[in-house]
Amino acid sequence: MNIKHFTIVLLTGAAALPAGARIELPHIFTDNMVIQADTTAMLRGKATPEAEITVKSSWGAESHTKADRNGRWKTGLSTPAPSYEPLWISVHDNADRHSVTLGNILAGEVWIASGQSNMDMPLRGYWHQPVEGGGEEITLSTSIGYGIRFLNIPRKTSYEPLDDFDAEWQVSCPANSAEFSALAWFFAKYLRQIIDTPIGIINTAYGGSKVEGWVPEEILSSYPEFNYQAEQADSTIQDWERVGAMYNAMIHPIAPFTARGFIWNQGESNVGRHDTYPARQADMLKHWRKIWNNDSMQFYFVELPGWNYGDNLGIDAALFREAQHHAADITPGAHIVCTSDLVYPDESDDIHARNKRDIGFRLAAAAATYSYGLQGIPHRYPTYRAVDLNGSKAVVSFNDMWQGFTPNENLEGFEVAGDDRVFHPAIAEIDRDGLTITVSSPDVADIKAVRYCFRNFAIGKIHDMLGMPIVPFRTDSW
């Protein structure tokens, strides 16, 4: 499957220890964890100063090292191929004959899931905001989630980098899965079905957070509108609005833990800042890859859902989606999942769209293609290519319009404008031979611009023959 090799790092933290024990491992390493398969795992920890340390595993790999004068040690350990067979790792302090053993481990594929509330939203939903099919997924999570493990990083903020947290890896079952990220769950479920490998999800998301909350002070210092020190002293700022604070508490403690890549659903709190977002998301990803010591980690992110954001022109969210696609274009290894068709008419005032299943499926399809090298999986979306303006009619052509449009679909969503820059709903007709769409409006005699679903809340209803929606677009730069 064209799977590359990685290095996994075990952090040193302040996890609760048995009485008298000398070995310390952080909470990111607990029973039930998933480790990235086919790697050289770099283990770290604390033990008796200058003690000889032995690391053993159920698959036969073994390693030896010595703790320094402060008791810190590190060593490498080979990990096995992906398997559903339970494994164990044991770390021994030979000086005091103490050990820590982690059991029921699976070797598989590990993914970091991050962002704000649409990533954090659990299968049980939020208050009066359900996840479509959430109850069924919870009920069947033991069987359909076989080989899927979750680690939910507690929602926390800090202005100082933290090394640990209070949480443990969990297996999929009704007693646990209600609190799993719905989006990450569907991603893991479909990806496991595609590649038939155990999947570990580290969910580190915080509702309401800005992209600037997920980068360190060294990056924030280059952004002129933020004063990191002044913000720390301001008690009126809500936790989820604080910059750098999620990075310190929810990324720093997990950063060396080897993973295949990232899935990201964030942006609502940055709407209105579309001019700075592409570069800042790229800054974040560059830094994350740096601290994971892996520039090849792929990054899959979700197009902003439809919602009435309240701006006067009603297009701030559309401008932000446009910026998100630009972010994907300028960032190597970044891929955006279009969701223009995955909201319902009654969700215009609900920022937490209930269809997480199809978004997770599209994320999994993209990851299967770009991270695992599988061929033939639908993963590209029709995008605007060019427009031919001809008086009262405009002909729009597209990239990646495989074999035409799904027939008999509702062609709503197009708007046209003349020199006055006032947009009017347009009538659209498909040219099946030319794979183009012709638009017109009785209110515009000389069309100068065409837009499609370029509104805060608009439902995309046109797909290619494989069910991929047209990406919202505009032909103007007004």
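Colleague: Which strands form the open sheet, and in what order?

Modeller: Four strands form the sheet, in the order β18-β17-β21-β22, with antiparallel pairing. This is a predicted model, in which local features need pLDDT of at least 70 and side-chain atom pairs count only at pLDDT 80 or more, while totals for chains, interfaces and linings use all residues. Residues are numbered from 1 along each chain as its sequence is written, and side-chain values use heavy atoms, with hydrogens and water left out.

Colleague: What makes β18 and β22 the edges of this sheet?

Modeller: β18 (423–425) and β22 (473–474) each have a single partner strand, so one side of each has no neighbour in the sheet.

Colleague: How do you know that β21 and β22 are paired?

Modeller: Strands pair if DSSP finds at least two bridges between them, a strand being a DSSP run of E of at least two residues and a helix a run of H or I of at least four, numbered from the N terminus. Two bridges join β21 (residues 449–452) to β22, so the pair meets the definition. Arg451 has Arg474 of β22 as its bridge partner.

Colleague: Why is Asn32 called buried?

Modeller: Buried means under 20% relative accessible area, exposed over 50% and partly exposed in between, with a 1.4 Å probe and protein chains only. Asn32 has 19% relative accessibility and therefore counts as buried. Asn32 is placed in the loop between β1 (7–9) and β2 (34–36).

Colleague: What makes the pair Asn32 and Asn104 a polar contact?

Modeller: A polar contact is a pair of N or O atoms within 3.5 Å; within protein, one must be able to donate a hydrogen and the other to accept it, and residues adjacent in sequence count only if both atoms are side-chain atoms. The side chains of Asn32 and Asn104 make such a contact at 2.7 Å.

Colleague: Which residues are in contact with Asn32, leaving aside its neighbours within four places in sequence?

Modeller: With contact meaning heavy atoms within 4.5 Å, they are Gly103, Asn104, Arg149, Trp169 and Val171.

Colleague: How does the lining of the largest cavity divide by class?

Modeller: Ala, Val, Leu, Ile, Met, Phe, Trp, Tyr, Cys and Pro count as nonpolar, Asp, Glu, Lys and Arg as charged, and the others, Gly among them, as polar. The lining has six nonpolar, three polar and three charged residues.
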